[in-house]
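I kept each entry to what I looked up and what I found.

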Amino acid sequence: MDVTIPILILAIPLFMFVFLGLTGMKMSHKVAGILGTCGMGTVLVLAYYTAFQYFFSGADIFINGAGERLQYLVFDQTWLQFTENLVIKLGFLLDPISAMMLVVITTISFMVHLYSMGYMRDHHGVYEHGFQRFYAFLSLFSFSMLGLVVAPNIFQMYIFWELVGASSYLLIGFYYTKPSAVSASKKAFIVTRFADLGFLIGILTLSWYTGTFNFTELTSIPVEGMAGVSQVNIGTAEYVRGIFANSAAPTFMGASVLTWALVLIFMGGMGKSAMMPLHIWLPDAMEGPTPVSALIHAATMVVAGVYLVARLFPLYLMEEAALDIIVVVGAVTALYAAMVACTQLDIKRVLAFSTISQIAFMMVSLGVARPEFHHGLGYMASMFHLFTHAMFKALLFLCAGALIHAIGSNNYTEMHGLRKHMPITHVAFLIGCLAIAGIIPFAGFFSKDEILTACFGHSIFWYIWMSAVAGLTAFYMFRLYYLIFWWKEHKTPEGHHAPHDQPWTMTLPLVILSVVSCVAGFVPFGNLVTWNGHPMFESVDFFTNLKALDWSVASISLLVALAAIGLATVMYRKENALPSKMRNALPALWTWCFHRFYFDELYMFITHRIIFGCISRPLAWFDRHVIDGTMDAFATITNKASEVIKPLQSGQIQMYVWYYLVGALLLGGITALCVI
Amino acid sequence: MFSNILIYFVVVPVIMLAGLGFCRNIKQIRAVAVTGSVALLGLSAYVLAEYLAIRATGNTEPMLFTGSWSWFEPLHINLAVGVDGISIAMLILSSIIVFAGSFASWTIQQPKEFFLWLILLSTGVFGFFISVDLFTMFMFYEVALIPMYLLIGVWGSGRKNYSAMKLTLMLMGGSAFLMLGLIGIYYHSAPEGGQLTWNILEIAKYDAIPHGWQQFLFPMTFVGFGVLGAMFPFHTWSPDGHASAPTAVSMLHAGVLMKLGGYGCFRVAIYLMPYAAKELSFIFLILTGISVVYGAFCACVKTDLKYINAYSSVSHCGLVLFAILMLNSTAMTGAIMQMLSHGLMTALFFALIGMIYGRTHTRDITQMGGMMQIMPYLSVCYVIAGMASLGLPGLSGFVAEMTIFVGSFKAGMAEYLAGAGSLKLVFTIIACCSIVITAVYILRVVGKLLFGPVYDDHHRTLTDATWWERFSTVTLILCVAAIGCFPNFFNNLINTTFTPEIFRVLGM
Amino acid sequence: MEITAIYYLVPALVMFCCGVYGFITRKNMIAMLISLELMLNAVDINFVVFNRYLYPEQMEGMFFTLFAIAIAAAETALAIAIIINIFRAAKNIDVRSLNEMKF
């Protein structure tokens, strides 16, 4: 395959970042925006072309005779050589998930580029300060995220992992004069950095044992279908398998070191994907401009953790303890985030918690995936949900952006009854809600149904748990929907224009994403993305997914979703006293949910009281007073001693003669004594 | 003698000193300083190219461009020079920082005297890096230290007398240990009956220092150089010294002079006494491991910009010594990379702090805020420096830290599996934690200083960077980015040092 | 009775001790100078005596004595000049009160 296009996919956003970053201030806002959008558009076309080639060209480098999809290394350049084996390379790996992610990232990124042309200006059409910078950062983010998904080795992934973290930092803190945005960006960076520490140690352990960073070698052997890829070093791959099969591997605190490595790597994923207890940065990250939330904190960067686990999935399969941890973390996070989402006032925060909850679905799905059950259905379901979620969650966020832009507040208490004022946004938001709630035939239904099926195949307990969470999802989304668009008539404050739909640059992405959210569920993912590249269906047509449904699971989940929506309708469609009655019935639960179970306070306590108060400050004191004090004491003692012996140097020559005389006599005497 | 290219690293500064003598006004002084530093930059680039060309022919001599001229025959003191990949990396670093430093002190008071001492200091630095004779090395080391006293004492700010005295005395105290160690090495440099020598290459070749003596001399030299490398608990000169020093001096000091410590630890302590290095490294591993996190934690609560960066230097330089002690080639490569990276990025930091201080006349971050709105250029540079410091990929800090961690982890695991304890492993993990703490203090400063609303309305009238300030910072940023984007070039350069000779000596 | 070296050395020793005693106890600079001269002359006597009794065929001791006398003369002149100058400046030649340049 030609390397020009893959290189361009990465090079264009990078160039755009450097170019807009250096010269942006010299050009007009509009030119910068158009340049950025066109650049992203080009990348979009190239990425679609690449993904199309990968999935549908049928070339024998992408698919073998048995119809199994292969991993294909487009290029791989040495970047930094540590030792003979451990080499960081920068490359471009094409396989089902990276091709899928190319599509997701470029689509959402392009939509956001386009949308921001309208969003990042006020009602008079004046562009916001730093508009060019915004596009530069968006390009940087796109570059980093694309580099992350196509990484052929875990270290390249780590490199771009850090870069997406930094671009997320820059974009969350875009309104840098606002203290809350500054602290949110700081928090996001530090929390994910902490998780990355685990990731790094995991990488170090894993690479030390296996002697390689390359995904192809780490994951190919257990996957029979991918073993035939010519670019794999079979020797290393066999060695990796040998290491994992070796039950006598060194253990640490009761678990094998390899399990620890995988759990630590998952910790990195927990940080980026906002799993409990490292989720606290994501709700605050909503301080960034809304398009950024749609791109980074809903559709792409936050699923990097899921992507990471999916990438290393064959390794996780060999250490099932790690997968069990993933299930537990995911399931708890899903429930927690869904409960919190039911009580928040800020629409972006509701969406943020909903994102956390949905990503947790993907994690659980990966955790319950086993090759024995429907060819690793959970893996496929997770990636499918990642895809559909990216679309409908970006849609929801962009709708939220349109609402915020129209109303000038994030708070739904200032919205209410907007359905007549903003019809397009209303429909788009409704589609998004239906998709996330899992109503047939919208995108979320299919992917969520696959996840629940996978859970069902793994354990009934987690199936019931996740179904309940799915019901909660439907409830809080429709609560939000009704509170924004129904509840009561909208009252426009004095001196304001009535809210209305936004310009075409903002509306067009909404329409496109709505359409995608309606039809994305029919994409035959089972034939495109599976854990070992083996297709699930013999043949595909438009209704493959529908035909493949396990109706016993699907009907239950549909019923749950409809019941939840019904409940939300009863409670929130018209202004009434039911919600406050509900709240008063369970005041403690409501308060805890409203305060997000006091996680922020807990972290505040840990960082400010313990780390700053009990470690840093005492250390600084210790440094000043004990260590430096010792050094100063040396000087002081020397000074004091010199003060004491100074009078001997009286300047009276007669004294000196005395000293001399006494000394000379003593010496003479001693010598004499010795001689005698 | 003058046919050896390396000698010009000392000759050029001496000519600059002579040239300064004839200068009548600040323009001429600037001309001399800039011409000289460009010449040094060119010289190091030339040496680099020549060096790589010779290595490409398969030459695996431990040092190239060697030369030796007798200086004091009865004690076998020679002026012996020679370079390998590590020295060349250091020479490049020094010349870049001298270059940037000349621009950063564009408007200094009493320029003639200032540049006189500054150039004398750089003479010492360059001389140190090209020397392979322990005695001349030590002599250049002292030449580099003494001007520091005057530079801080005369041109400094704050408690400058105290700081200058403290810095000089602590470093002198270190060199007392060092001198003792060096003389000890000299008297055991050759096998019984052989001719004693100060030449590092010959000492390493004979490998004749008795093990008992090594255990005494290794701590002497390691502590001697470690003081300059800001090793816990001998680091306290660094915060005060940096805080009081003028901009260019802070740059040179943190950027180059602290590297003398790391370089010396490698070149003298470990290279000449590999046995003791293996036996005693655990003591210093603990000390340097503590430096790494300790410096970072201290930096978290300081409010003076220079103190924050000085403690950050303690942390980063601790990592250098830490990696050197791992005694494996990956970690050592990382250590040298970290020296380069830290040198450039700290120089950038101190340059920026000097520029900000020159405008606001305060370095207290609680007294400033919203600089991004007032001086966007300097603020963006500060963010870039911060990102380099916290290890953002694409800038130099990341590659250095990663190389160190991979190398130390390898050493740690090897030790652990050999049943020799888990000290290295534990301290590697502790050192890894510093990446989080670094993020905390860097982002704290960035958030308080650059972002947020403007704290003091008087600051609104301040101007952004002038052309020479831009020049100085851009040079450094480009270098930081160059290392970050193309690390393998530097990696290969440093790896040329690890010739069979070194592997034999170190038993790696 | 033969005159041995001891007949010269004892008075020289007494002279020297007087000189030391005077130098230590007297606070007047002139008196100290005189004491110093006493010590010098005692040493000179020793030189001459040892030369005469131990190496009569050589003359180095004599020469050295003459040399020392000449130097002592020059030194005394210088010292008196200094003392006079100090007296002019401080109106005092008591060493106890002349501590302006101490430390």
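Entry on a loop residue. I began with A:Leu312, which I found in the loop between α12 (304–311) and α13 (313–318) of chain A; the model is a predicted one, and I read every value below with that in mind. I then listed what A:Leu312 touches, leaving out residues up to four places away in sequence, and noted A:Leu218, A:Thr219 and A:Ile265. For A:Ile265 I also looked up the separation, which is 47 residues in sequence and 9.5 Å in space from C-alpha to C-alpha.

Entry on the loop between α9 and α10 of chain A. I looked here for backbone features and noted two. The peptide bond from A:Met276 to A:Pro277 is cis, with omega near 0°, and A:Pro277 lies in the loop between α9 (257–272) and α10 (281–284). A:Ala274 is placed in the loop between α9 and α10 as well, and its phi is near 55°, a positive value in a residue other than glycine. With 30 C-beta neighbours inside 10 Å, A:Ala274 counts as buried.

Entry on a positive phi in chain C. I looked up C:Lys91, whose phi is likewise near 55° and positive although the residue is not glycine. C:Lys91 lies in the segment after α3 (60–90) of chain C. Its surroundings hold 7 C-beta neighbours inside 10 Å, and because 12 or fewer is the limit for the term, C:Lys91 counts as exposed.

Entry on chain A as a whole. I noted 27 helices and four strands in chain A, and a box of roughly 120 × 70 × 55 Å filled by its C-alpha atoms along the principal axes. Of its 676 residues, 56% count as buried. Among contacts in chain A with a separation of 6 or more, 78% come from residues 24 or more positions apart.

Entry on the chain contacts. Which chains share the most contacts? Of the two pairs of chains in contact, I found that it is chains A and B. That contact takes 40 residues from chain B and 38 residues from chain A. On the side of chain B that touches chain A, α11 (274–301), α14 (371–374), α16 (396–417), α17 (423–450) and α19 (487–495) of chain B each supply at least two residues, and the largest share, nine residues, comes from α17(B). By class I counted 28 nonpolar, ten polar and two charged residues on this side of chain B. I turned next to chains A and C, where the contact takes six residues from chain C and seven residues from chain A; the chain C side divides into four nonpolar, one polar and one charged. Between chain B and chain C I found no contact, and their closest C-alpha atoms lie 21 Å apart.

The crossing of α2(B) past α3(B) is left-handed. The residues that α2(B) brings to the contact include B:Leu41, B:Val47 and B:Tyr51, and those from α3(B) include B:Ile88, B:Ile92 and B:Phe99. I then looked up strands β1 (residues 64–72) and β2 (residues 77–83) of chain B, which run antiparallel and are joined by six bridges. B:Phe72 stands opposite B:Ile77 in β2(B). The two strands, β1(B) and β2(B), form a hairpin with four residues between them, and in the turn B:His76 has a positive phi of about 60°.

Entry on a further helix pair in chain B. Helix α13 (residues 329–360) and helix α15 (residues 376–389) of chain B pack at an angle of about 150°, their axes 9 Å apart; α13(B) and α15(B) are therefore roughly antiparallel to each other. I recorded the contact of α13(B) with α15(B) as eleven nonpolar, one polar and no charged residues.

Definitions and conventions:
Residues numbered from 1 in each chain as written. Chains lettered and ligands numbered in written order. Predicted model: local features only at pLDDT ≥ 70, side-chain atom pairs only at ≥ 80, totals over all residues. Nonpolar A, V, L, I, M, F, W, Y, C, P; charged D, E, K, R; others polar. Left-handed = near helix turned anticlockwise from the far one by under 90°. Pairing = 2+ DSSP bridges. Buried ≥ 20, exposed ≤ 12 C-beta atoms within 10 Å, placed from the backbone. Axes fitted to C-alpha atoms, helices over the stretch in contact; angles between N-to-C directions. Parallel < 35°, antiparallel > 145°, perpendicular 65-115°, else oblique.
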